[in-house]
Amino acid sequence: MWDGLFHQTIVGACRNQLLIDVYDAINAVRRKADWTALKERVLTPARRTLTQKQHRRVLAALRARNARKATDEMRQHLVDVRNSIIRL
């Protein structure tokens with residue numbers, strides 16, 4: 001829940017309706033039972049720790065108003081999440 005809320009807060013702050021709509025579609029998938037089961041298998045304590053560190057880096061870049069750094073940190077986070085799912 002905290003992961004989705006983090007992303008949703010960033011998307012909402014962008015005030016870009018297209019981005020909001022896309023993220024709402026992603027969240028619709030994330031609410032399904034299959035996604036929940038997958039997340040339970042992927043979200044190990046180590047993965048949770050890494051995700052929290054990545055979120056902190058994204059947030060720090062946003063607070064510093066460093067768009068390039070925030071983009072790079074978010075991209076790396078999403079790639080890492082994708083890779084953890086693909087490895088299953």
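**Exercise 1. Lining of the largest pocket**

Task: In this predicted model, determine which helix supplies the largest share of the lining of the largest pocket, and describe the lining by class.

Solution. 
- Step 1. Start with the contributions by helix: α5 gives the largest share of the lining, 11 residues.
- Step 2. At least two lining residues come from each of α1 (2–14), α2 (17–30), α3 (33–42), α4 (45–63) and α5 (67–86).
- Step 3. Take the whole lining: 31 residues surround the pocket, and those nearest its centre are H7, Y23, M74, H77 and L78.
- Step 4. Sort the lining by class, which gives 20 nonpolar, six charged and five polar residues.
- Step 5. State the volume, about 770 Å³ for this largest pocket.

**Exercise 2. α1 against α2**

Task: Describe how the axes of α1 and α2 are arranged, and list the residues that make the contact.

Solution. 
- Step 1. Two packed helices are described by the angle between their axes and the distance between the axes.
- Step 2. The α1 and α2 axes cross at roughly 165° and come within 9 Å.
- Step 3. An angle over 145 degrees counts as roughly antiparallel, so α1 is roughly antiparallel to α2.
- Step 4. The hand of the α1 and α2 crossing is left.
- Step 5. On the α1 side the contact uses D3, G4, H7, Q8, V11 and C14, and on the α2 side L19, I20, Y23, N27 and R30.
- Step 6. By class, these contact residues are five nonpolar, four polar and two charged.

**Exercise 3. α1 against α5**

Solution. 
- Step 1. The crossing of α1 past α5 is left-handed.
- Step 2. Compare with the pocket: H7, M74, H77 and L78 are among the residues nearest its centre.

**Exercise 4. α4 against α5**

Task: Work out the relative direction of α4 and α5 and the class make-up of their contact.

Solution. 
- Step 1. The two axes come within 8 Å, crossing at roughly 160°.
- Step 2. That angle makes α4 roughly antiparallel to α5.
- Step 3. α4 and α5 cross with a left hand.
- Step 4. From α4, the contact takes R47, L50, T51, Q54, H55, R57, V58, A61 and L62.
- Step 5. From α5, the contact takes K69, A70, E73, M74, Q76, H77, D80, V81 and S84.
- Step 6. The contact of α4 with α5 divides into seven nonpolar, six polar and five charged residues.

Terms used:
Residues numbered from 1 in each chain as written. Predicted model: local features only at pLDDT ≥ 70, side-chain atom pairs only at ≥ 80, totals over all residues. Heavy atoms only, no water. 1 Å grid on protein atoms, 1.4 Å probe; cavity = no way out; pocket = protein on both sides within 12 Å on 5 of 7 lines; lining within 4 Å. Points joined across faces, edges and corners; volume = space filled by probe spheres on them. Helix = DSSP H or I, 4+ residues; strand = E, 2+ residues; numbered from the N terminus. Nonpolar A, V, L, I, M, F, W, Y, C, P; charged D, E, K, R; others polar. Axes fitted to C-alpha atoms, helices over the stretch in contact; angles between N-to-C directions. Parallel < 35°, antiparallel > 145°, perpendicular 65-115°, else oblique. Left-handed = near helix turned anticlockwise from the far one by under 90°. Contact = heavy atoms within 4.5 Å.
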